[in-house]
Amino acid sequence: MPFDKVKYIWMNGKMVNWDDAKIHVLSHVVHYGSSLFEGQRCYKTPKGPACFRHQDHVDRLWDSCKIYRMEIPFTKQQIFDAILELIAANKLEECYVRPVVYRGYNSLGVDPTPCPVDVAIAVWPWGKYLGPEALEKGVKACVSTWNRNAPNTTPMMAKSSANYMNGQLIKMEALARGCVEGIALDVYGHVSEGSGENIFIVKNGVLITPPFSSSVLPGITRRTVIKLADELGIKVIEEVVPREALYIADEVFFTGSAAEVTPIAEIDGIKIGPGHRGPITEKVQKALFDILEGRVEDRHGWLTFVNKHVGQQVSK
């Protein structure tokens, strides 16, 4: 999906023009994938643009960097504020947000520690990740021949760019097979997640999702769905999921900041449930989007309103 350019990108504390946001070709990150990142959305609401679970995304970025011993040269509050100020500077009503922390230019040994830790933040308009009709009709998926990384190889609880080389293989294979997305198994053959999404199945009214031990990212939308399902009276279980459970599920759906809540209509040529969005998926979607789009009270404090926050910063 091509970029719709905006005016500014934030780099190491400064707003720079989109086309001037560059790094050296010998930066450590280019050669070794030494970066951690976040992905979140800012939604258009009646009260103006609002970032979803903004603090949680900033916190997860810090967690990822801690695992890789990469000390961010800014405070959490500075990055929290910078994201909101960047959205306001680019005059966006809704957008995708991508902060990235990476090892910059100094040396090219495997040891990353001589290299500086740099930070950039980009925002841009981005539609529905798996297609505009996917939220209702669902998508076609397949189980990938590529497994998720085994435990104690690279940490899957860190949102690292290097992990997404595995995700690229899964995604490209799925597209080559005529599918929209791939589903990875873990090293033991159990269901893990999509190339860039967590996964849930519904069976007999119960919502089931793989645990962190199945090499899944601790998704913020995943956590949100678990909370909303509990409020809807839907039982949620985190347990190991065998591959064949996908085929006999009543419903299956992906979750993620990009994918939001996207139903899966077909897996490996087998129709899942009704072959489109099922009733529990629809309930979860509605509960989520009612909050995101300001139709109901944000009872959990999940929305951070850009204009309100930036206005407060200016008035200080």
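Select Ile23, Val25, Leu26, Val30, Tyr32, Tyr105, Leu108 and Val110: together they make a nonpolar surface patch with about 750 Å² of accessible area. Patch members have over 30% relative accessible area and no salt bridge, and nonpolar side chains (Val, Leu, Ile, Met, Phe, Trp, Tyr) are joined within 5 Å. A salt bridge would be a Lys or Arg side-chain nitrogen within 4 Å of an Asp or Glu carboxyl oxygen. Areas are Shrake-Rupley values with a 1.4 Å probe.

A word on the model: it is predicted, so local features need pLDDT of at least 70 and side-chain atom pairs pLDDT 80 or more, while totals for chains, interfaces and linings use all residues. Numbering starts from 1 along each chain as its sequence is written, and side-chain values use heavy atoms, without hydrogens or water.

Zoom in on Ile23, in the loop between β2 (14-17) and α1 (28-32). Strands are DSSP runs of E, at least two residues, and helices are runs of H or I, at least four. Ile23 counts as partly exposed because its relative accessibility is 43%; buried is under 20% and exposed over 50%.

Next, the largest pocket, about 1,400 Å³ in volume. Pick Phe37, Tyr96, Arg98, Trp124 and Tyr164, which lie nearest its centre among 48 lining residues. A pocket is an open set of points on a 1 Å grid with protein on both sides within 12 Å along at least five of seven lines, and lining residues have an atom within 4 Å of a point. Helix α5 (163-176) gives the largest share of this lining, five residues. By class, the lining has 25 nonpolar, 15 polar and eight charged residues.

Move on to the second largest pocket, about 300 Å³. Tyr32, Gly33, Ser34, Tyr68 and Pro112 are the closest to its centre, out of 19 lining residues. Helix α1, β3 and α5 each supply at least two residues of the lining.

In a cavity, a 1.4 Å probe fits but cannot get out. Select β4 (40-43), which gives the most to the lining of the largest cavity, three residues.

Last stop: Cys95, in strand β6 (95-103). Cys95 is classed as buried because its relative accessibility is 3%.

Technical notes. Patch = residues over 30% accessible without salt bridge, like charges linked within 9 Å, V, L, I, M, F, W, Y side chains within 5 Å. Buried < 20%, exposed > 50% of the residue type's maximum accessible area, 1.4 Å probe, protein only. Points joined across faces, edges and corners; volume = space filled by probe spheres on them. Nonpolar A, V, L, I, M, F, W, Y, C, P; charged D, E, K, R; others polar.
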